[in-house]
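Welcome! Please take a moment to look over the sequence and the model, and then we can walk through them together.

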Amino acid sequence: MMDSAVRLQVFLAHAGVASRRAAEEIIAAGRVSVNGITISAQGSKVSPTDIVLLDGKQVMIEARKIYLALNKPPGYICSSSDPQGRPLALELLPADIKERMYNIGRLDFMSCGLIFFTNDGSFAGKLGHPRSGLEKEYVVEATGHIPDEAIRAFEQGITVEGEFYKAHAVERIGSRCLRIVLIEGKNREIRRVFSHFRLHPSRLRRVRIGPVTLGTLAEGRSRPLTNNELESLSHINHKDGKSRFDLRAFVPLCEKNTERSNTW
């Protein structure tokens, strides 16, 4: 609970609206009012007795913080709403959670695997910051053989349509299957690099975020992050961006020299 005046963006983050950085954008858009006055400039403070509205609805500090890991199936969108009416990953969370939850980072519509949900804006802001150095590990299956040229290019860095992409690590675990570790993780990075080499990912699954692995969590199900996982995540250092994990420590999720071809 808040017992003293804090900056408005901090209040919104603590209320589970968004990360601090995203909250600043919400404020700048004129969507927030305090005691009936619209606030669009940064730096304003609010006290426990102030009435804060977002898009006309009151926002309050939530008493408990929730941290969940979800195994997102393909065909779900990571957003609070979708004008096209597509299923939301948010809708897969337990029905008894009434707090405002939102995803940390994204998985695109047809990708699947591990993603975090929380109502803690500060936590989300830290993990989602480009300087967090948080590793994200994927197992990617393609519809055809993946040439060594593509692996070397992704490891060394490649420019595709004016955007530079460089994986932190790439390991072949099958003729059509790679394990890829990204740190910055640009929008649709893996799919765009694959497309550059005329490859199509038939299955793209995120299996790890930092110290947290997907493990045996069933598709479409979620679980709370453990105290040990939260402790490890809280020690992310933005200055050195170090978050090292041995690729060999994680069991492959596709067979060596797999011939399976999904058409997601």
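At roughly what angle do the axes of helix α3 and helix α6 cross? Find α3 at residues 121-128 and α6 at residues 227-234: their axes cross at roughly 60° and come within 11 Å. Angles under 35 degrees count as roughly parallel and 65 to 115 as roughly perpendicular, and α3 and α6 are therefore oblique to each other. If you zoom in on where these helices meet, you will find F123, K126 and L127 on the α3 side, and L230, L233 and S234 on the α6 side.

Before going further, a word about confidence. This is a predicted model, and the protein chain has an average pLDDT of 85, with 88% of the residues scoring at least 70. Residues 239-264 are a stretch to treat with care: the pLDDT there is below 50, although this stretch has 65 contacts in the model beyond near neighbours in sequence. Where pLDDT is low, the predicted coordinates should not be read in detail.

Now let us turn to strand β14, which covers residues 177-182. Six of its six residues are buried, so β14 is largely enclosed by the rest of the structure. In a regular strand the side chains alternate between the two faces of the sheet. Here, C177, R179 and V181 lie on one side of β14 and L178, I180 and L182 on the other, and both faces are covered.

Which strands pair with β14? One is β10 (residues 136-142), which runs antiparallel to β14 and is joined to it by six bridges; along this pairing, Y138 stands opposite I180. Another is β13 (residues 169-174), also antiparallel, with five bridges to β14. In that pairing E171 stands opposite R179, and a hairpin of two residues links β13 to β14.

Strand β14 also leads us to helix α5, because the buried residues of α5 pack against β14, along with β10, α4 (148-156), β11 (158-160), β12 (163-165) and β15 (201-209). Helix α5 spans residues 189-196, and its buried residues are E189, I190, R191, V193 and F194. Just after the helix, R198 takes a positive phi of about 55°.

Finally, consider the cysteines. A disulfide is a covalent bond between the sulfur atoms of two cysteines. How many disulfides does a search of the whole structure find? The search finds zero. As for individual cysteines, C78 is buried at a relative accessible area of 2%, and C112 is buried too, at 0% relative accessibility.

Technical notes: Residues numbered from 1 in each chain as written. Predicted model: local features only at pLDDT ≥ 70, side-chain atom pairs only at ≥ 80, totals over all residues. Heavy atoms only, no water. Disulfide = S-S within 2.5 Å. Buried < 20%, exposed > 50% of the residue type's maximum accessible area, 1.4 Å probe, protein only. Helix = DSSP H or I, 4+ residues; strand = E, 2+ residues; numbered from the N terminus. Pairing = 2+ DSSP bridges. pLDDT = per-residue confidence, 0-100. Contact = heavy atoms within 4.5 Å. Axes fitted to C-alpha atoms, helices over the stretch in contact; angles between N-to-C directions. Parallel < 35°, antiparallel > 145°, perpendicular 65-115°, else oblique.
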